Amino acid sequence: MSALPGADGQLRCGWALASPDYQHYHDTEWGRPVEGDRALFERLSLEAFQSGLSWITILRKREAFRAAFADFEPAAVAAFGDADRERLLADRGIVRNAAKIDAVIANARALLALPDAGGLGGLLERYRAPAGRPAPRTSAEVPSSTPESAALAAALKKRGFRFVGPITAYAMLQATGYVNDHLASCWVRHGG
């Protein structure tokens, strides 16, 4: 599928036209640079929760996730204990998956243990898409993982992160602008 025109006539990646929530996310966030450990930790956490689910489910629960996980402030989440875990497992506003909840708490602790040399962003920078990589022309040309995302997943796991396989790592790179997978004819790719 190539880029398709939205109601406003702008060409967009086809997936963005599936719902107004997707279009807003596509137009304002996806593939745009994200800086700071809190914002990157939020994206990593949401990508982990998305695993096996539709991204629209996560987008629609995003505010509930923020409220449940202390706005994804890494130090606050790292301090979560058994009572917090039980609270999260009972929270109908989020995805109540024990393994994913435990992973987010463990990932906050792993993030805080990273060396100060750039934090999570510094680590992600090492796995940025190679310069000169051609823009995908169709959605079929957008990979679900790459050698870089496999290496990033291994690096994160080595540092104690959980629920970060190559596909989740690639989705994280896409969502945070370390990879630009907007289609070649998508208006966002060209400075939108």
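Colleague: Where does Gly 52 lie?

Modeller: Before that, a word on the source: this is a predicted model, where local features need pLDDT of at least 70, side-chain atom pairs count only at pLDDT 80 or more, and totals for chains, interfaces and linings use all residues. Residues are numbered from 1 along each chain as its sequence is written, and side-chain values use heavy atoms, with hydrogens and water left out. Helices (H or I, at least four residues) and strands (E, at least two) are DSSP runs, numbered from the N terminus. On that numbering, Gly 52 belongs to the loop between H2 and helix H3 (55-60).

Colleague: Is Gly 52 buried or exposed?

Modeller: Buried means under 20% relative accessible area, exposed over 50%, and partly exposed in between (1.4 Å probe, protein chains only). Gly 52 has a relative accessible area of 80%, so the label is exposed.

Colleague: And Thr 176, buried or exposed?

Modeller: Thr 176 is found in the segment after helix H10 (166-175). Leaving aside neighbours within four places in sequence, it is in contact (heavy atoms within 4.5 Å) with Arg 32, Pro 33, Val 34, Leu 40 and Arg 43. Its relative accessibility is 1%, so Thr 176 counts as buried.

Colleague: Why is the pair of Trp 15 and Trp 30 called edge-to-face?

Modeller: Rings of Phe, Tyr and Trp (its six-membered ring) pair if their centres lie within 6.5 Å; planes under 30 degrees apart count as stacked, over 60 as edge-to-face and the rest as tilted. By this rule there are nine aromatic pairs. For Trp 15 and Trp 30 the centres are 5.1 Å apart and the planes at 80°, so the pair is edge-to-face.

Colleague: How many residues apart in sequence are the parts that this Trp pair ties together?

Modeller: Trp 15 lies in the loop between strand S2 (11-12) and helix H1 (20-28), and Trp 30 in the loop between H1 and helix H2 (37-50). So the pair ties together parts whose separation in sequence is 15 residues.

Colleague: What angle lies between the planes of Phe 69 and Phe 80?

Modeller: Both Phe 69 and Phe 80 are buried. Their rings form a stacked pair, 6.3 Å centre to centre, and the angle between the planes is 25°.

Colleague: Which residue has its charged end over the ring of Phe 80?

Modeller: A charge sits over a ring if NZ of Lys or CZ of Arg is within 6 Å of the ring centre and within 35 degrees of the ring normal. Here the charged end is 5.3 Å from the centre of the Phe 80 ring, and it belongs to Arg 87.
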